[in-house]
Amino acid sequence: MCQIQIEKKENYILATLQGEVTLGCTAEVKEKLKEYAELHKQYQILVDMKEVEFIDSSGLGVMVAWFKMCNQEQGKLIFCALNSHVSRIIGYAKLDKIFNIAESIEDGEQRLQ
Amino acid sequence: MARKPNVLLVDDYEVNLDLLEAYLELSGIPLEIYKARNGKEAYAIIEQYTLDLILLDVMLPDTSGYDICRWVKEHKLYQNIPIIMITALNDKKDMLQGLQAGADEFLTKPVDSHELILRVKNLLKMKSITNDLDDKYMQLHRELMIATELQKSFLPHKVPQYENVYIDVLYKPSSFIGGDFYDFIKIDDTHLGVLICDVKGHGVASAMITATIKFQIYDLKKQYLEPGLFLEQLNNRLEQFFRGTENDYFVTAFYGVLDLEHRTFLFSNAGHSAPGLYNGSSLQFLDNDNGLPLGILADLSYDQKQVQLHVGDELFLYTDGIFELPLRGRKAKTCSSIHELFDESAPVTILQLRQLKEEISDWVAREQIADDINYISIELLS
């Protein structure tokens, strides 16, 4: 199971994703962040992935959905603090070619400036 | 409910049964009433009719009302039938026991007719909502089954047969519609196109995407011999198709062309797990600088690469569903590429590759897997 916590910061949204991001919980977390971003018209987003233990293809689907949303709205989406399993999965699917990936939240914040 | 609700009354005293029946008839609710005087009769009626409510006395000659209640509430087919237990006046112990057995409501003796009618009406209303939901669920279930069948029809009906090539396919969709898809394209006498892809997402949407891919393949004849261009075109078409949809669809795909005359394999990869190639001495990976999965961004280009094959070589194409299995003594969901399954210090033998395939088919034969499982192996014979 996975969950998401969303916080509004001064000039961006911080979303913390946790757990096993797999089929069964992805629809809900995907929509939560999308709705929040739409509500606040804020498409500068940092996703803290430190506590994501496992991700499957539907989890990648969520990341792609957020990526497309921020692209369409000319915003910026940065995935932060990926563990080695998650980076490998993203690498195999070659999504690291298009995703913005930061070592840490601080690193991500700097890149939003 | 289109029909009259079916109500079962269970009591060993004929007088009580008649009284309950009379109250219910007086209420004016159109009902079909069944009566049981003991547990044996009650079980028979529950199994024979589609009941909507049971009024159950606690004390019965051959069993207790609690046992019947528990049995009904634990039975997959009957657990939605509401139960009113009829207990002695204010016996708290009885009530707790009834609650434990799963009873929905209680009535105390002597039964008050107004209370009886109100409780019956409420529970029948609830049951009718449950029945509607069940019907809708069944309808959706049937439609999903149709989509599953439809999706199966897009897969090759048989594996191509050649004198000097042996092709083996394992395809096992997850319980319902999955997103794995593969196809063989007989381009001419000496060229065979092989496509394997994984539509990310499940359910009806992925069946529709599979259908789209199948139709696009027909339309890409000019690109059959050029894997890079083939994927480039397919990507543009899928990106177009996904525009304005839910956004999270994409497809990983690997397409290769086997030249049977020159024993070459020309391939291109769109974010799909790199296939393995056993080249006579060890297992290699068909890694090129592979591109993004299909359908995310338009106007991408995909590199293609060619490898020379020899008699005895074997190609192993797969989708990532196999990593949901605990393979080669590793925990499930800990690998994300086939080379992680093997000890890298020693060359992987053909025997190990065969054992891996056997292991996968054994798992698939034994258990229901959450993701689709699909592999294709192509062996070059002399």
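In the predicted model, helix α2 (residues 57-72) of chain A lies across strands β2 (13-21), β3 and β4 of chain A, and its direction makes about 150 degrees with that of β4(A). Helices (H or I, at least four residues) and strands (E, at least two) are DSSP runs, numbered from the N terminus. Axes are lines fitted to C-alpha atoms, for helices over the stretch in contact, and angles run from 0 to 180 degrees between N-to-C directions. Two residues are in contact if their C-beta atoms, placed from the backbone, lie within 7 Å. Helix α4 (residues 105-112) of chain A also packs on the sheet, where it touches β3, β4 and β5 of chain A and runs at about 165 degrees to β4(A).

The sheet of chain A is open and consists of five strands in the order β1-β2-β3-β4-β5, with mixed pairing. Its edges are formed by β1 (2-8) and β5 (100-102) of chain A, each of which pairs on one side only. From one strand to the next, the twist averages 25 degrees. Two strands are taken to pair if DSSP finds at least two bridges between them. Strand β3 (residues 44-55) and strand β4 (residues 76-80) of chain A run parallel and are joined by five bridges. Within this pair, Q44(A) is placed opposite K76(A) in β4(A).

The contact between the two chains involves 20 residues of chain B and 20 residues of chain A. On the side of chain B that touches chain A, β8 (191-200) and β9 (250-259) of chain B each supply at least two residues. This side has five nonpolar, 10 polar and five charged residues. In this classification, Ala, Val, Leu, Ile, Met, Phe, Trp, Tyr, Cys and Pro count as nonpolar, Asp, Glu, Lys and Arg as charged, and the others, Gly among them, as polar.

Residues are numbered from 1 along each chain as its sequence is written, while chains are lettered from A and ligands numbered from 1 in the order in which they are written. Because the model is predicted, local features need pLDDT of at least 70 and side-chain atom pairs count only at pLDDT 80 or more, whereas totals for chains, interfaces and linings use all residues. The pLDDT is the predictor's confidence in each residue, from 0 to 100. Chain B averages a pLDDT of 89, and 97% of the residues score at least 70. The model scores ipTM 0.79 and pTM 0.76.

Chain B is divided into domain 1 (6-145) and domain 2 (154-380), with bounds that come from an automatic or database domain assignment. The centres of the two domains, taken over C-alpha atoms, are separated by 55 Å.

In chain B, β9(B) and β10(B) form a hairpin with four residues between them, and R263(B) in the turn has a positive phi of about 50 degrees. The two strands pair in the antiparallel sense over six bridges, and D259(B) stands opposite T264(B) in β10(B). Strand β10(B) also pairs with strand β13 (residues 305-308) of chain B, in the antiparallel sense and over four bridges; here F265(B) faces V307(B) across the pair, the two standing opposite each other. Five of the seven residues of β10 (residues 264-270) of chain B are buried, so this strand is largely enclosed by the rest of the structure. A residue is buried if 20 or more other C-beta atoms lie within 10 Å of its own, exposed if 12 or fewer, and partly exposed in between, with C-beta atoms placed from the backbone.

A further open sheet of chain B has five strands in the order β6-β15-β14-β11-β12, with antiparallel pairing. Its edges are β6 (165-172) and β12 (283-285) of chain B; each has a single partner strand, so one side of each is left without a neighbour in the sheet. Direction ignored, neighbouring strands are turned by 20 degrees against each other on average. Helix α8 (residues 350-366) of chain B packs on this sheet and makes about 150 degrees with the direction of β15(B).

L297(B) is found in the loop between β12 and β13 of chain B. With 17 C-beta neighbours inside 10 Å, L297(B) is partly exposed. Leaving aside neighbours within four places in sequence, L297(B) is in contact with I98(A), E239(B) and L292(B).
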